Amino acid sequence: MSAVHSMSQGAAMETHDAPRSLIDACQHWLQKTVETLAATVLVAEVTILMAGIVARSVLHSSLIWSDELASILFLWLAMLGAALAVQKNCHMRLTFFVSKLPPRAQVWAETLAIGVTLVLLAMVLHPSFDYVEDQGFVETPALGWSGMVRALALPAGFVVALASCVLRLLQHGKRDVASVAVLLALVAGGCYLAAPALAGMGQQALPVFFLGMLGVAVMAGAPIAFAFAIATSAYLLCTTSTPLVIVVGRMDEGMSSLILLAVPMFVLLGQLVHATGLARVMVEFLASLVGHVRGGMSYVLLGAMLLVSGISGSKTADMAAVAPVLFPEMRKRGVQDSELISLLAASGAMSETIPPSLVLIAIASMTGISIAALFTAGILPAIVLAVVLAVVAWWRAGSDHVETARAPVKHVLRTFAIALPALLLPFVIRTAVVEGVATATEVSTIGIAYSLIVGLLIYRGSLKWSMAMPILVQTAALSGAILFIVGAASAMGWALTQSGFSHDLAAMMTHVPGGATGFLLVSIVAFIVLGSVLEGIPAIVLFAPLLFPVAHQLGIHEIHYAMVVILAMGLGVFAPPFGLCYYAACIIGQVPPETALKRIWLYLGVLLVGLVAITFIPAISTCFL
């Protein structure tokens, strides 16, 4: 689902008043503290969910307090993870424009990105404490705890993230920090002076904040979630009398759906699948089975992406699991680097709907659609696109393929026997949901337990105890980045709804020429663009609540529409020059981005043809429901 961007390491080029060693020590201490807390909360969350499953399915009793405690810990995990993502700089960002700047300008842009993040955190810090006070009147029914226990996660996360931003700014040059401070002060002053005029403009003020301010912040490399939140806060402050505590409340509401609890659980499952070697043995079995035929290794890559994507839910993690195993052998067989990257990126876009896709979970959370129905419907569209890509791969292999001998039957059977426990994982997950052992939200916990057992007892050489902390920390940071985007986009969506924009958008889309057909075509184009600029989850959580009611009004099946917009968004995410996951594929394959620019358009074009077919044959999305 999402690419991680790292800041340049040359940000601090001038001498600072504060001793560097002291700043580094404070950063190290703060990060280690947050990592420990986040890892502890994550382990506790998994334990509680598993205890609930065992109590219900084995002991035939229920832990009436488990959902409440899981909900409380979930918000703490989300906020600690979001703060950790600030520390590790892994919030989603658009770096295409910044990467084109000279090195010195890139350093300044990094300072600006931190400054924007700091300003937003400073704006919502005091309102978050007001929100905690408001929650003091709430009492949880089962545990009898005050709502403040849960709500305190918000200011705690903001404080840690704010401190982290300050420490990072201290490592940047004084001139950069001063110039960024002046620029942000001028923007704030301009908003303050223009507030009366902006308030009188009504909806005409929306482009100032949600196109101008938001667009500039995103293109400047500011984290997308913080750009959403700061544009929303500025709009409310300048044009309404709405207090910012409402923004904090909406962020809490956006992050608090128990459906979203599947996000960190499936991210953790994906990390374990890679760490235990399950992904590797699955790929090796597929390679022994069909690797000898024309385009065989390309089929293996497509099949591996379907299998791994159905487990990890993260596009970058999927590619990182498959490419290092397959690329060396594919290069030996004459496949060019441009073909490798094109196929890898296209297969990532192809598999967006394979459950348990994080985008499916986000849509279920934002629209109320059954997550089980989305999981069921997502398989066939991805298979259709895989077949389309396989045809192109067969044709492209004509000039590149080097003939290889068929693997002996004994070798195929041996790799199958080794891979069988790994191949069973998707079926274990699916069976647990169908048989009612666990909900679609809880089932990842069973996958986690299964992966740990298989990894420790069967694939013992891959999983080491020393890997536990890095896995937990990476899971918390990635989950926090995703959940904070959901919260920020929820607040932004609420502001757009209150302004009347949502109603106007719905009315306009309802009257698109061509009725339902025109609406579907416009949606494809819109989500390709949105996916390219905002990545998948931000685009989905922001626009799904606005457009799904329109689709329903036009008689379009909500599951069918979900498949269409997810696949369109996936095309945008992997389409150069803006698609972030295209560059992630290049980094994983260790190939310069310009190498695949010519060949990838054939694969993306074929995917678009397949998407149009899925759009106008609804049965592909709904036949299994």
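1. F209 counts as buried, since its relative accessibility is 0%; the word buried stands for under 20% relative accessible area, exposed for over 50%, and partly exposed for values in between, with a 1.4 Å probe and protein chains only. The model is predicted, so local features need pLDDT of at least 70 and side-chain atom pairs count only at pLDDT 80 or more, while totals for chains, interfaces and linings use all residues. Residues are numbered from 1 along each chain as its sequence is written, and side-chain values use heavy atoms, with hydrogens and water left out.

2. Aromatic pairs come next. Rings of Phe, Tyr and Trp (its six-membered ring) pair if their centres lie within 6.5 Å; planes under 30 degrees apart count as stacked, over 60 as edge-to-face and the rest as tilted. This rule gives six aromatic pairs. In one of them, F209 and Y235, the ring centres are 5.8 Å apart and the planes stand at 75 degrees, so the pair is edge-to-face. The pair links distant parts of the chain, 26 residues apart: F209 belongs to helix α8 (residues 206–219) and Y235 to helix α9 (residues 224–239). Helices are DSSP runs (H or I, at least four residues), numbered from the N terminus. Y235 is also buried, at 7% relative accessible area, and one aromatic cluster is formed by F209, F210 and Y235.

3. Helix α28 holds 17 residues (600–616), and its end C-alpha atoms are 25 Å apart, which agrees with the 24 Å that it should span at 1.5 Å a residue. The expected span is 1.5 Å times one less than the number of residues. Among the buried residues of α28 are I600, Y603, L604 and T615.

4. T615, in helix α28, has a relative accessible area of 1% and is therefore buried. A polar atom of its side chain lies 2.7 Å from the backbone oxygen of L611. Leaving aside residues up to four places away in sequence, T615 touches L520, I524, H560 and V564, where contact means heavy atoms within 4.5 Å.

5. Two loop residues remain. S351 lies between α15 (337–350) and α16 (358–367) and is buried, with a relative accessible area of 0%. Residues up to four places away in sequence not being counted, S351 touches M305, S309, K315 and A382.

6. N89 is located in the loop between α2 (66–88) and α3 (96–99). Its phi is near 55 degrees, a positive value in a residue other than glycine. N89 is buried, with a relative accessible area of 10%.

Key
Polar contact = N/O pair within 3.5 Å; in protein donor to acceptor, adjacent residues only side chain to side chain.
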